[in-house]
Amino acid sequence: MPADCRRIEFLSDVHLCPEMPRTAAAWQAHLAHTRADALIILGDLFEAWVGDDAGTQAFEASMLASLASYARRGRLGLMRGNRDFLLSRSLAAGLGGVLLDDPCQLLAQGHRWLLSHGDAWCLADQAYQAVRPQLRSLAWQRDFLSKPLTQRLAMAAAMRHASEAHHRAAARAEDPLAYADVDADTACRALREADAQVLVHGHTHRPGHTRWPAGLSREVLSDWDLDTTDRPRAEVLVLENGLLRREVPQAG
């Protein structure tokens, strides 16, 4: 990241969709008013992304326009998540941003940071890990993207409803795998291989700070939800002067 990026913001798991209008409005307001020199989105910006032609729909087009507007004054990095893994490099470039590998290293403000969405390291979620390679395969993606947009949208809606039902059932049963955590040994190994001390990731919806052995640590990003809960959540992680802090987005 260029040296002139004095304020870098990280966020993830906004899960933009028409069914969550207050969340979408808060996210757009933040993009319009943020002072960040760079904005790095670590996956699941959209609740579902069924291909770049989804950007022709009114809601998605509005969200993309907000990204492009920010990219005209700041640096934009986008990482795929488990909900929007079909985002393409050409789409990111067309918005004025760059698609980031997962994981990737960020050299900024005198430190090396390791960035990831985090889903690939949630090894305890065996059902998801079993299907993830298929979803990320070129063959599956070519077949899926060959279907009409309306069919892909219907398939995504069905998968979303199934996922929501699973999480509701797991929460009622107080199942610790409702949102599995990243495997600490795997994450620490990745940090050592990257010669980094701090991992920043999303996916788990468990915002907070964790200290690991040998001076390693992680920062987990918050999900965003101002529509479906009596405990609204929206947060950005700010890197400034070599230090990380959490902020609640302010419109203006």
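Biologist: What makes strand 3 (residues 75-79) largely enclosed by the rest of the structure?

Modeller: In this predicted model, buried means under 20% relative accessible area. Four of the five residues of strand 3 are buried, so the strand is largely enclosed by the rest of the structure. Strand 3 is joined to strand 2 (residues 38-42) by five bridges, and the two run parallel. Within this pairing, Leu42 stands opposite Met79.

Biologist: Why is the chain called as compact as a globular protein of its length?

Modeller: The chain holds seven helices and 11 strands. Its radius of gyration is 18 Å, close to the 18 Å that the globule rule gives for 252 residues, so the chain is as compact as a globular protein of that length. Along the principal axes, the C-alpha atoms fill a box of roughly 50 × 40 × 40 Å. Of the 252 residues, 50% count as buried. Among contacts between residues at least 6 apart in sequence, 66% join residues at least 24 apart.

Biologist: Why is Val198 called buried?

Modeller: The cut-off for buried is under 20% relative accessible area. Val198 has a relative accessible area of 14%, so the residue is buried. Val198 is found in strand 7 (residues 198-201). Leaving aside neighbours within four places in sequence, its contacts include Trp113, Leu114 and Leu244.

Biologist: How do you know which face of strand 5 (residues 104-108) is covered and which is uncovered?

Modeller: In a regular strand the side chains alternate between the two faces of the sheet. In strand 5, the covered face consists of Cys104, Leu106 and Ala108, while Gln105 and Leu107 make up the uncovered one.

Biologist: What makes strand 5 and strand 6 a hairpin?

Modeller: Strand 5 and strand 6 (residues 111-116) run antiparallel and are joined by five bridges. They form a hairpin with two residues between them. Gln105 stands opposite Leu114 in strand 6. In the turn, Gln109 has a positive phi of about 55 degrees.

Biologist: Why is Ala214 called exposed?

Modeller: Exposed means over 50% relative accessible area. Ala214 stands at 75% relative accessibility, so the residue counts as exposed. Ala214 also has a positive phi, of about 60 degrees, although it is not a glycine. Its place is in the loop between strand 8 (208-211) and strand 9 (217-220).

Biologist: How do you know that the peptide bond from Asp102 to Pro103 is cis?

Modeller: The omega of this bond is near 0 degrees, and the bond is cis. Most peptide bonds are trans. Pro103 lies in the loop between strand 4 (98-100) and strand 5.

Methods. Residues numbered from 1 in each chain as written. Predicted model: local features only at pLDDT ≥ 70, side-chain atom pairs only at ≥ 80, totals over all residues. Heavy atoms only, no water. Rg over C-alpha atoms; globule rule 2.2 N^0.38 Å. Buried < 20%, exposed > 50% of the residue type's maximum accessible area, 1.4 Å probe, protein only. Contact = heavy atoms within 4.5 Å. Pairing = 2+ DSSP bridges.
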